[in-house]
Amino acid sequence: MKLTFRWYGDSDPISLERIKQIPTMTGIVSAIYDVKPGMVWSNESILALKEKAENAGLEFEVVESVPVPEEIKYGGENAPQLIENYCENVRRLGKAGVKCICYNFMPVFDWLRSELEHKNLDGSNSLAYNEETVLSMNPETSSLSLPGWDESYSKDELKRLISIYKEIGEEGLWKNIEVFLRAVIPVAREAGVNMAIHPDDPPWGIFGLPRIITNEKNLDRFLNIVNEKENGLTFCTGSLGADVNNDLVKMAGKYADRIHFVHLRNIKITGEREFHEVGHPTECGSIDMFGIAKALVDGGFDGYVRPDHGRMIWGESGKYGYGLYDRALGATYLAGLFEAIEKSR
Ligand code: DNO
């Protein structure tokens, strides 16, 4: 496996130099952030990002994310052109040496949390989710401020989107993801890129919006739409693990050869649809990190791994979930976990 670290570009308070100092770190996971979803990324900006990483001794082989615009997800009239733009990005990234593209197919909202600074007993804080609190924020009337939430939508636009998605429902989303995959996967194959869909976070429908990348049954269905290696997964343990019915160890083993990227983070489930994020090691939370890593290695997994949301510790402040210290601790834990598993085989 190759250990990687998410970097948000020049505006990220964490420098590439610091990332490089994390033991065994091979590369960054990044994106072009100043282009609207659906638009084509310029070759110059892609190459500039690659050069910056390489000058710091890091690879740039993973993009997270090339966002899928809403109109592709709901199948609007401009979807064909937007899919063509998406394919062009895949071609350009492949040419620049990118090997894996992470994306998601969640309508309107990306990841959702109800609390950004959940206080932990040890004085650290982390992101938390409580379904009741989330549902009390009606996105059509209240003003939302959630991580993963694009605040640029006007109330009217939001209403319109929510009603379109309610109408097309899960089956409509399945239909549109099929159109997307049938166009993009052949291009990815030719470009030498593995596509890796990120599961929905949390893995259930929210505000009446459909969500489909949620559980084993749906992952089976997704992988079979185009049954090729390039149509793969980002195995995000914190996302899939929020649903206690998901057997992550089993799923990691079953999909090992279709998993190209792993977000290995831990959460502690404290109630029905209630959890908060914790340190990466198994004993800190509800996720069997060792079992998952072992199932991946035993299943022949050969992709990228990154620590994911960290707590804020040692007085650090910054981008929620994306500070340096706890993610760096997570990275060294993951490096040790994989070394032990690989050497004891
Ligand atoms: C949150 C991330 C997600 C992820 C996208 C992938 O921290 O895991 O925002 O990047 O869902 O498209």
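Two strands count as paired when DSSP finds at least two bridges between them. Strands are DSSP E runs of at least two residues, helices are H or I runs of at least four, and both are numbered from the N terminus.

The model is predicted: local features need pLDDT of at least 70, side-chain atom pairs count only at pLDDT 80 or more, and totals for chains, interfaces and linings use all residues. Residues are numbered from 1 along each chain as its sequence is written, and side-chain values use heavy atoms, with hydrogens and water left out.

**Stop 1: the hairpin**

Select residues 267-271 and 274-277. These are β10 and β11, an antiparallel pair with 4 bridges. They form a hairpin with 2 residues between the strands. Now pick Arg 273 in the turn: its phi is positive, about 50°. Most residues other than glycine have a negative phi. Next, show Lys 268, which stands opposite His 276 in β11.

**Stop 2**

β5 pairs with β6 (residues 125-130) over 3 antiparallel bridges. In this pair, His 118 stands opposite Ser 126. β6 in turn is joined to β11 by 3 bridges, again antiparallel. Click Ala 128 to find His 276 of β11 opposite.

**Stop 2: the barrel**

Select β1, β2, β3, β4, β7, β8, β9 and β12. They run in that order as a closed barrel of 8 strands, with parallel pairing. The twist averages 30° from one strand to the next. Strands of a sheet pair through backbone hydrogen bonds, either parallel or antiparallel.

Zoom in on β1 (residues 2-6) and β2 (residues 27-30). This parallel pair has 3 bridges. Thr 4 stands opposite Gly 27 in β2.

**Stop 3: the ligand**

Centre on the ligand. How many residues surround the ligand? There are 13, and the closest are Glu 64, Ser 65, Asn 104, His 309 and Tyr 322. A residue is near if one of its heavy atoms lies within 4 Å.

By class, the shell holds 5 nonpolar, 5 polar and 3 charged residues. Nonpolar means Ala, Val, Leu, Ile, Met, Phe, Trp, Tyr, Cys and Pro; charged means Asp, Glu, Lys and Arg; the others, Gly among them, are polar.

Now turn on distances to the ligand's oxygen atoms:

- Glu 64: a polar side-chain atom lies 2.5 Å from a ligand oxygen.
- Asn 104: a polar side-chain atom lies 2.9 Å from a ligand oxygen.
- His 198: a side-chain N or O atom is 3.2 Å from a ligand oxygen.

The protein covers 97% of the 330 Å² of accessible area that the ligand has on its own. Such areas come from the Shrake-Rupley method with a 1.4 Å probe.

**Stop 5**

Ser 65 lies in the loop between β3 and α3 (70-74). Most peptide bonds are trans.

Jump to Asp 201. The bond from Asp 201 to Pro 202 is cis too, with omega near 0°. Pro 202 sits in the loop between β7 and α7 (216-225).

Finish at Thr 24, in the loop between α1 (16-20) and β2. The phi of Thr 24 is positive, near 65°.

How values were computed:
Axes are lines fitted to C-alpha atoms, for helices over the stretch in contact, and angles run from 0 to 180 degrees between N-to-C directions. A polar contact is a pair of N or O atoms within 3.5 Å; within protein, one must be able to donate a hydrogen and the other to accept it, and residues adjacent in sequence count only if both atoms are side-chain atoms.
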